[in-house]
Amino acid sequence: MKRTNYLVQSALIAAIYACITIIFAPISYGQLQVRISEALTVLPYFTPAAIPGLFIGCVIANIYGGGGIIDIVFGSLATLLAAILSYKANKKILVPLPPVIVNGIVIGFVLNYLYSLPLIITMIWVTIGQLIACYGIGYPLMSILERYKKNIF
């Protein structure tokens with residue numbers, strides 16, 4: 001039952017991540033992005049099933065996004081690395097930080113490579129979008145989920 005629970009949680013997180021990203025597509029992709037689904041990157045705080053769930057959800061969202069194989073591979077690997085680091089965070093306030101830093105750097109490079117956008121400015125814009133999604137939405141979400149974690153996770 002434990003393995004089934006893990007798979008179901010992972011699949012649900014992947015589906016929710018992909019759906020939210022695609023529904024909010026106009027603000028989910030590009031230099032000026034606030035990928036609202038990145039708020040879910042706090043979920044590794046509650047369950048390790050969030051790590052593959054976020055990765056798979058990001059793969060699906062990036063297939064839809066139109067950035068091609070570079071974005072699919074490197075954007076999704078950035079989410080995977082950030083999810084692992086969030087899982088290992090030893091303080092609640094630090095849980096949203098890895099996605100902010102990792103995606104700010106990696107997605108900045110990806111967008112610079114794909115669209116010849118200025119590197120540093122792009123990294124700054126992506127980081128700002130990540131701060132909004134991860135701390136502005138994700139951190140309050142984490143506080144709400146803490147009350148129900150025994151029922152959900």
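These exercises, with worked solutions, concern a predicted model.

**Exercise 1.** Find which side chains meet in a salt bridge, and state which parts of the chain the pair ties together.

*Solution.*
1. The structure holds 1 salt bridge.
2. Its partners are Lys-92 and Glu-146, whose side chains meet at 2.8 Å, N to O.
3. Lys-92 lies in the loop between α4 (68-88) and α5 (97-115), while Glu-146 belongs to helix α6 (residues 119-152), so the pair ties together parts that are 54 residues apart in sequence.
4. Lys-92 has 23% relative accessibility and counts as partly exposed. Glu-146, at 25%, also counts as partly exposed.

**Exercise 2.** Decide whether Asn-103 is buried or exposed, and list what is in contact with Asn-103 beyond its neighbours within four places in sequence.

*Solution.*
1. Asn-103 is part of helix α5.
2. Its relative accessibility is 3%; buried means under 20%, so Asn-103 counts as buried.
3. With neighbours within four places in sequence set aside, Asn-103 is in contact with Glu-38, Gly-75, Ala-78, Thr-79, Pro-98, Gly-108, Val-126 and Gln-130.

**Exercise 3.** Describe how helix α3 and α4 pack.

*Solution.*
1. Two packed helices are described by the angle between their axes and the distance between the axes.
2. For helix α3 (residues 50-65) and α4, the angle is about 160° and the axes are 8 Å apart.
3. Angles over 145 degrees count as roughly antiparallel, so α3 is roughly antiparallel to α4.
4. The crossing of α3 and α4 is right-handed.
5. Residues making the contact include Ile-51, Leu-54 and Phe-55 of α3, and Asp-71, Ile-72 and Gly-75 of α4.
6. Sorted by class, the contact of α3 with α4 has 12 nonpolar, 4 polar and 1 charged residues.

Notes: Residues are numbered from 1 along each chain as its sequence is written. This is a predicted model: local features need pLDDT of at least 70, side-chain atom pairs count only at pLDDT 80 or more; totals for chains, interfaces and linings use all residues. Side-chain values use heavy atoms; hydrogens and water are left out. A salt bridge is a side-chain nitrogen of Lys or Arg within 4 Å of a carboxyl oxygen of Asp or Glu. Helices (H or I, at least four residues) and strands (E, at least two) are DSSP runs, numbered from the N terminus. Buried means under 20% relative accessible area, exposed over 50%, partly exposed in between (1.4 Å probe, protein chains only). Contact means heavy atoms within 4.5 Å. Axes are lines fitted to C-alpha atoms, for helices over the stretch in contact, and angles run from 0 to 180 degrees between N-to-C directions. Angles under 35 degrees count as roughly parallel, over 145 as roughly antiparallel, 65 to 115 as roughly perpendicular and the rest as oblique. A crossing is left-handed if the near helix is turned anticlockwise from the far one by less than a right angle, and right-handed if clockwise. Ala, Val, Leu, Ile, Met, Phe, Trp, Tyr, Cys and Pro count as nonpolar, Asp, Glu, Lys and Arg as charged, and the others, Gly among them, as polar.
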